[in-house]
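Thanks for coming, everyone. Let me walk you through one structure. Please look at the screen.

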Amino acid sequence: EASLEFVASEGWTRQAIVKGAEKAGFPGAIQGLFSDGGIELVNYYYLKCNNELIEIMKEKAGDKSENVENPKEFVTWALQQRLTMVHPYIKQWPQALAMMTLPQNVPVSLANMLTLVDDICYFSGDRSVDVSAFF
């Protein structure tokens, strides 16, 4: 979490992790625990935003997401909410996207995206197993 403060100046890099560790009172060498480097910071932020969106959707949809009046509008709103979460790092986000598309990072990146899509569909009230409900 502390490393996110340094993404603006260092990008999604090991250096941002080192600076965040030092700010949190740990030695910079702790970055060695993050063997994949900056992509782990990207994945952390991606999942953090996804979890924040879940809480926001729970507030909007309530306990019964089946009560969402217009699922298409809800999906549009949820996507807008999620996209605005990238705003603090908008200048560094192309670097994050490039890192997510590297072959070794694609499986986790796709899993993160599919979880996001699944959560949005669930809170919109969609319980179908295909995408036909939105077309």
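**The core and a helix pair**

The largest nonpolar core has 31 residues. Trp-12, Met-57, Phe-74 and Trp-93 have the most contacts inside it. A nonpolar core here is a set of buried Ala, Val, Leu, Ile, Met, Phe, Trp, Tyr and Cys residues joined through side-chain atoms within 4.5 Å. Buried means under 20% relative accessible area, with a 1.4 Å probe and protein chains only.

A word on the source. This is a predicted model, where local features need pLDDT of at least 70, side-chain atom pairs count only at pLDDT 80 or more, and totals for chains, interfaces and linings use all residues. Residues are numbered from 1 along each chain as its sequence is written, and side-chain values use heavy atoms, leaving out hydrogens and water.

Which helix gives the most to this core? H3, with ten residues. Helices are DSSP runs (H or I, at least four residues), numbered from the N terminus.

Now H3 and H6. Their axes, lines fitted to C-alpha atoms over the stretch in contact, come within 10 Å and cross at roughly 5 degrees. That makes H3 roughly parallel to H6, the term for angles under 35 degrees.

Take Asn-43. At 14% relative accessibility, Asn-43 counts as buried. Its side chain makes a polar contact with the side chain of Asn-112, at 3.4 Å. For a polar contact, N or O atoms pair within 3.5 Å, and within protein one must be able to donate a hydrogen and the other to accept it; residues adjacent in sequence count only if both atoms are side-chain atoms.

Conventions: Buried means under 20% relative accessible area, exposed over 50%, partly exposed in between (1.4 Å probe, protein chains only). Helices (H or I, at least four residues) and strands (E, at least two) are DSSP runs, numbered from the N terminus. Axes are lines fitted to C-alpha atoms, for helices over the stretch in contact, and angles run from 0 to 180 degrees between N-to-C directions. Angles under 35 degrees count as roughly parallel, over 145 as roughly antiparallel, 65 to 115 as roughly perpendicular and the rest as oblique.
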